[in-house]
Amino acid sequence: MNRQKANIDLLFRNGLKDYEVLPPKESWAFIRPHIRKPRPMIILLRVAATVAVLLSVSILAYRYGRQISTQIENNLLAVDEQVYAPVIAAASPEVVGNFERPLASAFIADASDQVPAARNNNVTNDSITAIGNILYTALPDLNANERNLRLHDNTPAMNEPDISSFDLLGNAELAVSEDPLIRTTPRWTIAALASPAYYSRIISGNADIASSMTSGQQPAFSYTGGLAVSYKVNKRLSVQSGLYYSAVGQELTGISTFGGFREYDYSKGGRNFAVRTANGTIHTNNPDVFLRDNATGNRVITMYTNDVFDPSKANLKYLNNILHQNLGYLEFPIILRYKVIDKGIDFNIIGGVSSNVLVNNSVYTSIDGQKYEIGKTDGVNMISFSSSVGMGMEYNFSGNFSFNIEPTLRYYINPFSPVAGVKIHPYSFGLFSGLIYKF
Amino acid sequence: MTDIKNIISGCLKGSRKDQEILYRRHAAKFYAVCLQYTGNDDEAQDILQEGFIKIFENLGSYKYEGSFEGWMRRIMVNTALEKFRSKHNLYRVDDINNIPEPDAEPYNEDYVGLEASDLLEIIRELPPKYRMVFNLFAIEGYSHKEISQMINISEGTSKSNLARARIILQRRVGSYTGLKKRVINE
């Protein structure tokens, strides 16, 4: 009988090929809640879709807003001029001669609606004086030439409570107070805003360099928060600035960190390891740290290579397999905000630029929830610039307070850190929300 | 293929039902793989769970090129590798001299009747470094160069680990089959 020696490799390969063992029942129950949303490519598509939806809604809202505005203007202009013409003539021919007639008619039509309400319908013979008062009240809003249109040199003492403002410069609409009491439109607002942010980047250039610079790097939780002050230029447009703090971060997986290296560090320099990332090169400044790239093998640059030093033989303490790279910025934004719908819930389109000053730069790993300092990222630009677009919804729940939500897409005009051979432009998608106080 | 495409598509849309179908369909096979890569049942369960979470998170990057099961298996093996890397300095390598000599050198016919569960138990008894090299070389088909990069050892170490793993397996299989024969004869 020909007894042939067994091939142990084949024996195990073939024997285990289709072998199955039922896992414990609780495994699926554990997996299910941990399944996160799909990865960046899909998230990127979703961000793009969200932006598209926001733009669509903005365009619709803009068109809708204009329609409402036009209807209001038409209604005002459609008032029968004949009813009020004699009053105008009696009031001041000078006015008729200098203002466009429809506007004057509209103005008087509306003023006539309001004044009786305030004065218990006692209008007829007092209307000239009333109109004079109204126009005089509005004069501060007019420019120098328009001030020449003052009706009466001998205008009697003002009865200001009836009319609050007359905005000829903005939309040529009358803003007549519904409240007999004085009401001034708040022009300033201060807001406390915060936003979680999802960061990613657009990379172009050499594919190999890009791949090596970004492998094993996942965006970490990022956020922005701060105070914003805005000034209302006119009924729809406002300018916003403020001071934000934003934390940007990423996680580098596959880089093992060991502690206890200090006694083997013969250079005593501390900066023993460098790790190349898309945000810049990390340099260790903790002499107790030993780093090793377990994934690609070429991200960690050091003289303590595998053939020189083996952390397991030196019995170094394994700490973690993930590095956290954090950058903190103070942001000074200049944002324009255009109100497309001015209702109980306002809709705004926002866009602007921001200059960001680097104030925090740290790299650490964690052991049982405690931070263990590794070093910092070198070559990060002290100042970077970003542009942002978004759409905001603002709910006014009292005269002076409102709550807003603003999905915002931000694109960094320059990278955090220049990398030869590739262009890396970070972008982020955030959802700003916060309280606004108007004064 | 259409069926699996529909399931993948459902998973990408976040369908819990499709995710569970995918899991139920492959969990038993991959749990056996996880057991093969570690001597500890709890750790095998961790690898299975982490592996499936990665599979679901990375489904979008599957390009429908090559076997889907092979793609998933690579993720499982990589997860086992990560677990191994994070702990490998804690593992001790058994002294090969402590392993008993087999009753007889095994031949092909000795393995007739040796079941997959027996093979799994034998492979799980290997020291972790030997088991990892043997699995990657003999089962997954990686070269020593690839293995050396994967677990950060030299090619020479990979070869010697494989040789030692084979010797241990030969001895254990020999002892196992010898024991079986004795049991049958008695």
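This is a predicted model: local features need pLDDT of at least 70, side-chain atom pairs count only at pLDDT 80 or more; totals for chains, interfaces and linings use all residues.

Q: Why are β14(A) and β15(A) called paired?
A: Pairing requires at least two bridges found by DSSP. β14(A) and β15(A), the latter covering residues 401-412, have nine bridges in the antiparallel sense, so they count as paired. Within this pairing, Asn396(A) has Ser402(A) of β15(A) as its bridge partner.

Q: How do you know that β12(A) and β14(A) pair?
A: Strand β12 (residues 345-367) of chain A and strand β14 (residues 383-396) of chain A share 13 bridges and run antiparallel. The cut-off is at least two bridges, so the two strands pair. Opposite Ile349(A) stands Met391(A) in β14(A).

Q: What makes β11(A) and β12(A) a pair?
A: They are joined by 17 bridges and run antiparallel. At least two bridges are needed, therefore they are a pair. Phe332(A) is bridged to Ser355(A) in β12(A). A hairpin of three residues links β11(A) to β12(A).

Q: Why is β6(A) said to pair with β11(A)?
A: Strand β6 (residues 237-259) of chain A meets strand β11 (residues 317-341) of chain A over 17 bridges, in the antiparallel sense. The rule asks for at least two, so the term applies. Here Thr253(A) lies opposite Ile322(A) in β11(A).

Conventions. Residues are numbered from 1 along each chain as its sequence is written. Chains are lettered from A and ligands numbered from 1 in the order in which they are written. Helices (H or I, at least four residues) and strands (E, at least two) are DSSP runs, numbered from the N terminus.
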